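This briefing goes through the architecture of one protein chain. Please look over the sequence and the model before reading on.

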Amino acid sequence: MAVTDLRLLLEGLAAAPACLVRVESTQGSVPRESGAWMAVFADRLVGTIGGGHLEHQAIAEARRRLALAQASDPAPVRFALGPALGQCCGGVVHIVFERACAADVPALAARLAPRLHPVALFGGGHVGHALARTLAPLPFALTWIDSRDGIFPDTLPPNVHCEHSEPVQMAVPTLAPGSRVLIMSFSHAEDLDVVAACLKRQRERGDLPFIGLIGSKTKWATFTSRLTARGFSPSELAHVTCPIGVPGIPGKEPEVIAVAVAAQLLQSVAAVQAVANPLQGYSQA
């Protein structure tokens with residue numbers, strides 16, 4: 001929800017000040033990671049630092065500072081997640097309270113903007129529409145591509161960009177480096193061409209960490225035969241995930257598939273981050 005929360009914060013500051021509550025650092029098991037934030041307005045909240053009694057106390061402190069028009073204090077406040085706080089996580093959270101107003105909007109927009117991971121979605125059918133809605137509040141920058149006219153909705157979230165490409169596979173070479181690709185066009189022939197273009201790019205640049213194809217095992221067996229005939233090796237074909245979506249979710253409704261695929265994309269991002277930061281553990285406290 002980071003993208004939506006930031007928009008709500010910036011819009012809210014145009015009308016009233018808020019106290020920005022930000023996790024400065026952590027130790028041990030905690031609800032949220034360093035950098036997590038929420039904004040406390042006089043009459044509403046935006047975002048979360050993990051809920052529970054920790055958040056309840058942080059909100060009370062933020063509202064106290066807001067009511068007193070207290071200036072920002074750079075010194076973080078220490079919260080131990082033990083019996084005294086009514087949480088048994090056992091970790092420690094250091095929180096910074098920062099008063100913000102309309103004049104701070106440009107600086108906050110730059111400082112709090114989440115890192116968005118590029119995703120390319122080929123196909124504007126029912127599952128494509130469900131996926132675009134599901135991915136919109138998540139930390140992804142979506143490029144949505146189709147060869148047909150009039151396929152995209154009139155209103156789009158700010159982190160969704162639509163492209164018309166005919167033939168559709170011609171969009172593959174221009175995708176942002178590091179794009180995770182989802183292929184679900186209206187045509188198996190188009191799907192095959194997009195997969196082949198992705199594998200060709202992966203062979204040349206190696207910068208597509210995930211290539212997912214909607215379909216059955218039977219569809220992938222047919223594609224394997226045809227892609228092999230085009231010169232792709234078994235190791236190259238192994239880079240394609242088909243069917244897509246985390247296993248164990250049997251539903252085929254567009255919204256169900258969208259949730260399963262979104263979870264798989266988040267797993268893909270987390271796996272890359274774990275390699276980059278092997279000492280950073282995962283805990284929801």
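The points below cover the overall chain, its sheets, the helices packed on them, the nonpolar cores and the backbone details.

The model is predicted. Its secondary structure comes to 8 helices and 11 strands. The strands discussed here belong to an open parallel sheet of 6 strands and an open antiparallel sheet of 5 strands.

**Overall chain**

- The chain has 285 residues, of which 44% count as buried.
- Along the principal axes, the C-alpha atoms fill a box of roughly 70 × 40 × 35 Å.
- Considering contacts between residues at least 6 apart in sequence, 59% join residues at least 24 apart.

**Antiparallel sheet**

- The strand order in this open sheet of 5 strands is β3-β2-β1-β5-β4, with antiparallel pairing.
- At the edges are β3 (45–47) and β4 (73–80), each of which pairs on one side only.
- From one strand to the next, the twist averages 25°.
- Strand β5 (residues 92–100) pairs with β4 in the antiparallel sense over 5 bridges; Asp73 has Phe97 in β5 as its bridge partner.
- Helix α2 (residues 52–67) packs on this sheet, where it touches β1 (18–27), β2 (37–40), β3, β4 and β5. The direction of α2 makes about 30° with that of β5.
- Helix α3 (residues 105–112) lies across β1, β2 and β5, and runs at about 30° to β1.

**Parallel sheet**

- The 6 strands of this open sheet follow the order β8-β7-β6-β9-β10-β11, and the pairing is parallel.
- Its edge strands, β8 (160–164) and β11 (240–241), each pair on one side only.
- Strands β9 and β10 run parallel and are joined by 4 bridges; Leu182 stands opposite Gly212 in β10.
- On its other pairing, β10 (residues 210–213) is joined to β11 by 2 bridges, again parallel, and Ile211 has Val240 in β11 as its bridge partner.
- Both faces of β10 are covered, with Phe210 and Gly212 buried on one side and Ile211 and Leu213 buried on the other. As a general point, side chains in a regular strand alternate between the two faces of the sheet.
- Helix α4 (residues 126–135) lies across β6 (117–122), β7 (140–146) and β9 (180–183), and runs at about 165° to β7.
- Helix α5 (residues 188–205) lies across β6, β9, β10 and β11, at about 160° to β9.

**Helix α6**

- Helix α6 (residues 217–229) has 13 residues, so at 1.5 Å a residue it should span 18 Å; its end C-alpha atoms are 18 Å apart, in agreement with that.
- The buried residues in α6 are Lys219, Trp220, Phe223 and Leu227. Viewed down the helix axis, the buried residues of α6 fall within an arc of 90°, so they line one face.
- Residues three or four places apart in an α-helix point the same way because there are 3.6 residues a turn.
- The face turned away from the buried side of α6 carries Lys217, Thr218 and Ala229, which are exposed.
- The cover over the buried residues of α6 includes α5, β10, α7 (234–237) and β11.

**Nonpolar cores**

- The largest nonpolar core has 26 residues, and Phe122 and Leu227 have the most contacts inside it.
- At least two residues of this core come from each of β6, β9, α5, β10 and α6, with α5 giving the largest share, 7 residues.
- Apart from neighbours within four places in sequence, Leu227 is in contact with Leu192, Val195, Ala196, Leu199, Trp220, Phe232 and Leu237.
- A second, separate core has 25 residues, including Val127, Met184, Ile214 and Ile257.

**Backbone details**

- Glu166 and Pro167 are joined by a cis peptide bond with omega about 0°; Pro167 is in the loop between β8 and β9.
- Another cis peptide bond runs from Cys242 to Pro243, with omega near 0°; Pro243 lies in the loop between β11 and α8 (254–276).
- For background, most residues other than glycine have a negative phi, and most peptide bonds are trans.

Key:
Residues numbered from 1 in each chain as written. Predicted model: local features only at pLDDT ≥ 70, side-chain atom pairs only at ≥ 80, totals over all residues. Heavy atoms only, no water. Pairing = 2+ DSSP bridges. Contact = heavy atoms within 4.5 Å. Axes fitted to C-alpha atoms, helices over the stretch in contact; angles between N-to-C directions. Expected span 1.5 Å × (residues − 1). Buried < 20%, exposed > 50% of the residue type's maximum accessible area, 1.4 Å probe, protein only. Arc of directions from axis to C-beta. Core = buried A, V, L, I, M, F, W, Y, C linked by side-chain atoms within 4.5 Å.
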